[in-house]
Amino acid sequence: MFVARTMKKKIVTAAPSASLFEAQRLMREHNIRQIPVVSEDGTLLGIVSDRDIRAAVLPAGLVPGFTAGKAEKFMKNTLVERVMTRKVVTALLTDTLEDAIVLLHDYRVNALPVVDAAGRVVGMITRTDALKAFIDALGVGEVSSRLEVVVPDRPGTLAQLAAIIGSFNVNITSVLSTRHVEGGKRANFFRIATLNVGPIRKAIEEAGFEILNPSEFLLP
C-alpha cells in the first residue's frame, strides 16, 4: 500500500505571510493540528502546528498585563514564517505506508506533508491515517478469525499453511510473520475469512505445526 492511496488529498495550507491568528483559525475550522506552509506555486517551505503557536504566545503571556486582547493582537501581528518549522520531515508519493509509519515513529511527528518530485505539497498523512490504513490492511473490520501458528524458520512453511487453509475453501485476508522467542522459529498470524476456525486449527496441528498460545508469546 502506498502513501498516495492513504493520504488526504484535500489539504489546508498557509502562506508564510499569513498571521498566527489566521493559522489558528484554519486549524480550528478544519479540526487539524498542523498546516503546511507553502509558496505561491505550492512548494513546501515549512510547517506550523498548534504547539508552535502556543510556544510563540507563551513568553508574551508571562508579561504582566498581557490580556486576551493583547494576545490576539500579538497573533495577528506575528507571521507564520517566524515560528514555522523549516526542516520538515516529508513523505514522497512513491513511499509505502510502511515508510510513512517509520518516519512518523522515528521522528516523533504527528503528520507528514506528502510532496511530489518538485517539492510541491500534494497531500498529508497523519498518525491516525496510517493507523486506519494499517487496520484496513489487516482486515480487522471484516468477518474473520485469527490464527497464530509457530513454524520452523525455513522456506516453504508459509506456503504449506496457505495450502491447508485453502483446502477448506477459505480465503486468507491478511498474514503477518515475526520472529519467535525460540531461535529458528517464526510466528505467523493469519486472518481468515471464516468463523468456523476449529477444523482448520485441527488440520494445521495434524500437519505438525504448533498453534500459538498468546500467553506464551514472549519476546526477549
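On a 1 Å grid over the protein atoms alone, a pocket is an open set of points where a 1.4 Å probe fits, with protein on both sides within 12 Å along at least five of seven lines, and its lining residues have an atom within 4 Å of a point. A volume is the space filled by probe spheres set on the points, which are joined across faces, edges and corners.

The model is predicted: local features need pLDDT of at least 70, side-chain atom pairs count only at pLDDT 80 or more, and totals for chains, interfaces and linings use all residues. Residues are numbered from 1 along each chain as its sequence is written, and side-chain values use heavy atoms, with hydrogens and water left out.

**Exercise 1.** Describe the largest pocket and its lining.

Step 1. The volume of the largest pocket is about 420 Å³.
Step 2. Its lining has 19 residues, and Gln34, Ser49, Arg108, Val109 and Asn110 lie nearest the centre.
Step 3. Two or more lining residues come from each of strand 2 (44–49), helix 3 (50–61) and strand 4 (111–115); helices (H or I, at least four residues) and strands (E, at least two) are DSSP runs numbered from the N terminus.
Step 4. Helix 3 gives the most, with four residues.
Step 5. By type, the lining divides into eight nonpolar, four polar and seven charged residues. Here Ala, Val, Leu, Ile, Met, Phe, Trp, Tyr, Cys and Pro count as nonpolar, Asp, Glu, Lys and Arg as charged, and the others, Gly among them, as polar.

**Exercise 2.** Which residues of helix 2 are buried, and how are they placed around the axis?

Step 1. Leu20, Ala23, Leu26 and Met27 of helix 2 (residues 20–30) are buried, where buried means under 20% relative accessible area, exposed over 50% and partly exposed in between (1.4 Å probe, protein chains only).
Step 2. These four lie on the same side of helix 2, because they cover an arc of only 125 degrees around the axis. The arc is taken from the directions from the helix axis to the C-beta atoms.
Step 3. Exposed Arg28 and Glu29 sit on the face turned away from the buried side.
Step 4. After helix 2 comes Asn31, with a positive phi near 55 degrees.
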